Amino acid sequence: MRLGAWVEAGETRFAVRSPHAAGVDLCLFDGTVETRLPMARAGDEWTLALPGDLSGTHYGYRASGDWAPERGRWFDPAKLLVDPYAIELDRQFTYDPRLSEYGADTADLVPRGLVQGALRQVPLAPPRFQCGGLIYELNVRAFTMLHPDVPARQRGTVAALAHPAVIAHLQKLHVSAVELMPVTAWIDERHLPPLGLTNAWGYNPVAPLALDPRLCPGGVAELRETVAALHAAGIGVLLDLVLNHTGESDVHGPVLCLRALDNPAYAHEPGGALINDTGCGNTLNFGHPAVRALALATLRHFVRHCGVDGFRFDLAPVLARGPGFDAHAPFFAELAADPWLADRVLIAEPWDIGPGGYQLGNFPPGWLEWNDRFRDDVRRFWRGDVGVGLLATRLAGSADLFGPDCRSVNFLAAHDGFTLADCTAYEHRHNHANGEDNRDGHGDNFSWNHGCEGPSHDPQVNARRAEDLRAMLGTLFASTGTVMLTAGDESGRTQHGNNNAYCQDNAAFWLDWDGRDTALEDHVAALSAARATRLAEFAQFPQGGEWLAPSGLGMTADDWEDPACGGFDYHVNAALHFRIRRAERTAAI
């Protein structure tokens with residue numbers, strides 16, 4: 001059965017899944033006036049058809065039944081519930097303790113869905129992306145809030161990405177595809193409001209199909225038009241989606257959506273306790289067909305109605321859990337069989353915190369995977385911890401992880417962790433602004449500070465830091481696989497030593513366009529240009545070349561194992577070779 005709210009054949013239809021509810025009411029809103037209409041059970045779903053075209057009407061649900069959380073029953077008619085299939089919402093989510101209190105009415109707190117008329121369909125076309133290209137990860141709000149050329153009213157929104165000045169920057173860097181950090185509706189974690197903080201990254205979603213009104217006030221049309229503008233500039237669009245958990249959190253979390261409508265959507269231990277393989281309080285149960293159906297509907301919607309080229313999946317092993325990870329999980333087969341999704345770019349973050357949660361190299365053929373081994377080993381090489389053999393393995397496509405067909409997404413830094421510049425300026429995290437006594441975030445970042453923690457007035461320290469940034473970036477752009485930069489790392493972006501800035505939505509953490517290092521940016525643009533003209537040669541490691549020691553002679557087994565050997569050349573032909581020299585702090589294509 002189709003779920004959601006839609007207009008068809010002269011009437012407006014509503015359908016929601018709630019197999020254990022005693023009753024479900026459709027709630028229609030006209031301002032603050034609420035009208036409740038009982039729905040009819042149809043198996044595990046509840047349905048209601050109303051005459052006429054109600055496009056734009058604000059709606060939600062209320063479900064009745066047992067309130068017995070210990071048995072997985074969270075029915076409280078006082079709670080207004082968001083349609084899991086809602087496509088647009090009338091407001092952002094705002095956390096309030098009342099969302100967790102039995103009997104406390106939440107109609108004034110919870111966003112309402114907007115009934116959709118017919119949505120424009122984007123013709124299916126091959127993805128605008130080629131393996132080996134540059135993915136540019138960005139936070140929509142932080143990326144544009146301080147951009148001097150973007151109109152003030154547009155800053156911080158998806159529409160800002162279509163501004164000519166933004167597109168010009170992406171083209172300068174030869175970006176193959178932007179990867180947008182979550183743009184679907186999310187809620188703050190409950191510990192943030194008392195600290196005066198908000199979730200700035202969006203990895204705490206509620207309704208997976210609904211765009212967050214803060215980032216995309218124009219809804220589906222705004223995202224569709226921005227995708228079209230980027231496509232016209234030759235740039236693909238990937239969405240970072242969080243399908244592994246929801247913002248309803250643990251048993252103390254808010255009652256917003258699935259918790260009250262269909263609690264078995266969450267994975268539970270045999271005794272009934274929530275499984276927390278995500279570290280966020282709950283985990284969606286991809287062994288349940290209804291969960292997979294919601295996930296596939298989400299992906300299909302963003303391809304059909306917005307034209308996106310693919311997706312990056314946060315904590316992707318959850319997609320294949322039931323509860324253990326299965327490389328042949330049904331979700332993978334269902335996705336591959338879907339005509340709208342089979343050819344999309346699919347990128348896994350191949351780890352979660354559950355049992356057997358580190359699955360780098362184990363996703364299906366055709367999937368790309370974030371390669372944190374590349375990140376760590378490149379940092380360790382330039383810090384002086386490991387030798388050339390391990391670095392060469394990473395440069396050559398990490399065949400030890402992926403076999404001969406490279407599916408690696410190579411990166412030096414991402415949204416989570418130190419920025420690239422902070423890797424050369426801080427040895428320790430400085431997360432005090434997050435309000436958790438500096439306990440959050442990674443403890444070991446394979447970083448080094450050149451003898452001074454944080455900003456330095458010593459020109460020699462700054463010169464060495466600049467050399468290391470260029471060396472690491474040269475290593476990245478010489479590597480086999482797809483490469484990824486996080487926005488601003490091309491120009492020395494800093495988070496002031498904070499390696500978990502998810503709750504820092506303020507000017508100190510937005511991209512400083514006026515203060516960026518334009519010389520470093522130009523250097524990155526040149527590296528990317530050298531790579532962009534022959535992506536196929538970087539998608540798979542070019543065979544037939546020769547590994548040379550710094551002396552110019554062929555590398556021997558002793559050279560590979562010698563900790564004092566700090567460099568090599570790989571020479572294929574006059575047009576394709578790269579050079580690594582640790583002593584000189586250089587890496588060049």
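Start with overall size. For 589 residues, a compact globule would have a radius of gyration near 25 Å, and this chain has 25 Å, so the two agree. That radius is taken over C-alpha atoms, and the globule rule is 2.2 Å times the number of residues to the power 0.38. Along the principal axes, the C-alpha trace spans about 80 × 50 × 50 Å.

A word on the model. It is predicted: local features need pLDDT of at least 70, side-chain atom pairs count only at pLDDT 80 or more, and totals for chains, interfaces and linings use all residues. Residues are numbered from 1 along each chain as its sequence is written, and side-chain values use heavy atoms, with hydrogens and water left out.

Next, the elements. The chain has 14 helices and 24 strands. These are DSSP runs numbered from the N terminus: helices are H or I with at least four residues, strands are E with at least two.

Now the inside. Of the 589 residues, 58% count as buried. Buried means under 20% relative accessible area, exposed means over 50%, and partly exposed is in between, with a 1.4 Å probe and protein chains only.

Which residues have the most contacts inside the largest nonpolar core? They are Phe14, Tyr136, Val178, Leu239, Phe311 and Phe313, in a core of 149 residues. Helix α5, residues 289-304, gives the most to this core: eight residues. Another core, of 14 residues, lies apart from it and includes Trp351 and Met484. A nonpolar core here is a set of buried Ala, Val, Leu, Ile, Met, Phe, Trp, Tyr and Cys residues joined through side-chain atoms within 4.5 Å.

Look at Ser176. It sits in the loop between α2 (164-172) and β12 (177-180). Ser176 is buried, at 13% relative accessible area. Gln130 is 46 residues from Ser176 in sequence, yet 7.3 Å away in space, C-alpha to C-alpha. Leaving aside neighbours within four places in sequence, the contacts of Ser176 (heavy atoms within 4.5 Å) include Arg128, Gly234 and Leu535.

Finally, some backbone details. Most residues other than glycine have a negative phi, and most peptide bonds are trans. The bond from Gly322 to Pro323 is cis, with omega near 0°. Pro323 is in the loop between β16 (310-313) and α6 (330-337).

His450 has a positive phi of about 60°. Is His450 buried or exposed? Its relative accessible area is 16%, so His450 is buried. His496 also has a positive phi, near 60°. At 38% relative accessibility, His496 counts as partly exposed.
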